[in-house]
Protein chains: 2
Amino acid sequence: MSFYRGLSRISRNLRGGGSFNGSRFRSLQFLASHEHHSSMGSAEKVRSFVFTKGLPALHSSRYKIHQQSHSISEDELDPFSMVADELSLVANNLRAMVVAEVPKLASSAEYFFRMGVEGKRFRPTGMVDVCISLQVLLLMSTALNLSTPKPPHHFDQGGSVATDLRTRQQCIAEITEMIHVASLLHDDVLDDADTRRGIGSLNFVMGNKLAVLAGDFLLSRACVALASLQNTEVVSLLAKVVEHLVTGETMQMSTTADQRCSMEYYMQKTYYKTASLISNSCKAIAILAGQTAEVAMLAFDYGKNLGLAFQLIDDVLDFTGTSASLGKGSLSDIRHGIVTAPILFAMEEFPQLRAVVDKGFDNPDNVDIALEYLGKSRGIQRTKDLAIMHANLAAAAIDSLPDSDDEEVKKSRRALVHLTQRVITRTK
Amino acid sequence: MSFYRGLSRISRNLRGGGSFNGSRFRSLQFLASHEHHSSMGSAEKVRSFVFTKGLPALHSSRYKIHQQSHSISEDELDPFSMVADELSLVANNLRAMVVAEVPKLASSAEYFFRMGVEGKRFRPTGMVDVCISLQVLLLMSTALNLSTPKPPHHFDQGGSVATDLRTRQQCIAEITEMIHVASLLHDDVLDDADTRRGIGSLNFVMGNKLAVLAGDFLLSRACVALASLQNTEVVSLLAKVVEHLVTGETMQMSTTADQRCSMEYYMQKTYYKTASLISNSCKAIAILAGQTAEVAMLAFDYGKNLGLAFQLIDDVLDFTGTSASLGKGSLSDIRHGIVTAPILFAMEEFPQLRAVVDKGFDNPDNVDIALEYLGKSRGIQRTKDLAIMHANLAAAAIDSLPDSDDEEVKKSRRALVHLTQRVITRTK
């Protein structure tokens, strides 16, 4: 599942309140789960080195999901309700922006932005998830609303600078959404996917032509919107993201046998494909607010670790599905020859699994053999543990932000922390 | 033919010197060819209104190709030789930039940048044209090297500003090339083209997947390079270009019957598809040099009019081919249902042609009928005349630049003017 669509689903589930009952959360501490410590593999060590820069006090090990120390009502923690009005505004801006000079393209680009309004409340239609990372970015905007946020000055010539900080931050959310949808559209062409999330993909319905063009159109609109912010650092950040999305896709497409079996390669690819967009967008939100480099890095760390945690759990769910038992997932990754964290961990315990992976998974028997090894190994649990570690790092980043007495700021931060927990406890 | 590839070919032909013998050129004046004046249609009037803004003294009418007043040796006017070393440098930068982290993608993205070195002289291989608009942009850089060029100051935070003006202008040339090649790659996917210029297109050889990704990769590199220039006005200009390329393509894809028969719609589409990139890149060159808005507009006008002239001649050649007789061209536009200037002009003389156009050209008989009307009309000649007008406007823009005593500046300007003549006298 796409990280961004998934987040949207999580927040809707949360709003529905089905599985979440206002449980007590304790404040963020990192409680090593010592009984698992000895089994920590080299891969986690590599990752804890690579991915905890900027949070030096943290040690990677086994972590429990940490809880906040005070009772919080379900409604207070619902990220969706907290930004519902603004989401509606941003989504409408997005729709307006997508209306191009050529109606045919506008309607196709809008395909992924369709949404409905239910009563007074903005809500994505069941068919196509919207909002995506918009919620995270809007919450982050409030969470970074420190005592003296001042946008940096711009002396460049030409154009008019949007002066309202919040409007500029909303613009980042819109740009993020456009880049994300553009990458989905092009991914559809790439994968010759005839379905995405159960509905006919745009390229199937309208042809590759329109899918490529609609993606290019969204990218170009994102570039124009980005340029209008007149902040070259932000432009650089988000330009890099587009490059990361492409690099991540190509890393997955063309790997050597050794790369396929490397946890470091896997995590780098995952960062590019899943975490770069949200992490750099969070950082852009901070930069626009004129925050310090330290605060910008914490915002980045939140997005990066949230994205990584999400993807690791996604990898688990691809094996387990909702049933939590091995082999009940869609197994789509392994069947497409994509080797993810659970298999990589299993390989550390059972080096003979490497030979199976090297043969590839075109033969269903090989899939079965790999699943057998995975079942005997601690691959699933270690992947979950790694996801928990990243979720906790995300929460810690929020916890490390400069103190604020502002209730809105505190509430937004709690909602962001809460999202980190939901990412790892989700079952679909 | 693509404008950019075509320009490259023109300059190579010029270098070869086959059809060009150092003829005398008189200084740029606009000599109305009165015998044709009365036949000027509403379309020209619309265009002369729309496309001569910034050059108010010019009147659109019938123009002859104008000549410079002094003898110029063939070698002096060869745009290719004037910037050969720098072209080589820029092309090598481009290749280096294209070398991505993933070799498979880098090699595919490099597909369109292949080139050879012949002796000491950079030269595109026969198979794939390179250089494209690089020459125009490098010549423009020198042509705008006025007495006190000073790059605008940048106060934005982050990154380092490339201080050397020429390096920054070369960067614009590279970015332009990347955007152009990206659009070609995606166009190939769009058209399901299995050949481009007689060779197997990348998407045919490597699949749509790689063609889309390679295009995205080039676009993202272009964005990153653009951001590194840290000039928000330039970022805005080139972001708009990407949007124009998409808009132009969609305007061609999805037209109403009335739009298909509208000269204004046709010229707008042509600007988006062909002239926007070169015109805005020329403008960016001027902006980086810290030139006035007036000089930047003249640079823009040069690129715009050169691009429009090129495309109008391309439309003629699609009908006439090298033989200069009707029906000997490839007729690929009309066979694909694309109505271009010659037919639009013919329709002004023979309104009954509209019914034929409305039926479409899936039926070859309709193509024959349209050609018959075209042959009876002045459509071809009027298209050539319009091309000459735009070529002259381009030359006039160069002529309107502030005077310079610098010999290099003057030489570059002459080469730019010379290109305008070559664009309209080419036969392939």
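Which residues lie nearest the centre of the largest cavity?

This is a predicted model, in which local features need pLDDT of at least 70 and side-chain atom pairs count only at pLDDT 80 or more, while totals for chains, interfaces and linings use all residues. Residues are numbered from 1 along each chain as its sequence is written, chains are lettered from A in the order in which they are written, and side-chain values use heavy atoms, with hydrogens and water left out.

**Exercise 1. Describe the largest cavity and its lining.**

Solution. Begin with the term: on a 1 Å grid over the protein atoms alone, a cavity is a set of points where a 1.4 Å probe fits but cannot get out, and lining residues have an atom within 4 Å of a point. A volume is the space filled by probe spheres set on the points, which are joined across faces, edges and corners. The structure holds eight cavities of 30 Å³ or more, and the largest cavity contains about 110 Å³ of space. Its lining consists of 13 residues, and those nearest the centre are A:Cys223, B:Cys223, B:Leu226, B:Val235 and B:Ala239. The elements giving two or more residues to this lining are α10 (202-228) and α11 (232-253) of chain A, together with α10 (202-228) and α11 (232-253) of chain B; such helices are DSSP runs of H or I with at least four residues, numbered from the N terminus. Finally, sort the lining by residue class: 13 are nonpolar, with no polar and no charged residues, where Ala, Val, Leu, Ile, Met, Phe, Trp, Tyr, Cys and Pro count as nonpolar, Asp, Glu, Lys and Arg as charged, and the others, Gly among them, as polar.

**Exercise 2. Determine where A:His244 is placed and what its side chain meets.**

Solution. First locate A:His244, which is in helix α11 of chain A. Next consider its accessibility: A:His244 counts as buried because its relative accessibility is 13%, and buried means under 20% relative accessible area, exposed over 50%, partly exposed in between (1.4 Å probe, protein chains only). Then list its contacts (heavy atoms within 4.5 Å): leaving aside neighbours within four places in sequence, A:His244 is in contact with A:Tyr271, A:Tyr272, A:Ser276 and A:Asn280.

**Exercise 3. Classify A:Ile369 as buried, partly exposed or exposed.**

Solution. A:Ile369 is in helix α18 (residues 364-376) of chain A. Its relative accessibility is 35%, so A:Ile369 counts as partly exposed.

Methods: On a 1 Å grid over the protein atoms alone, a cavity is a set of points where a 1.4 Å probe fits but cannot get out, and a pocket is an open set with protein on both sides within 12 Å along at least five of seven lines; lining residues have an atom within 4 Å of a point. A polar contact is a pair of N or O atoms within 3.5 Å; within protein, one must be able to donate a hydrogen and the other to accept it, and residues adjacent in sequence count only if both atoms are side-chain atoms.
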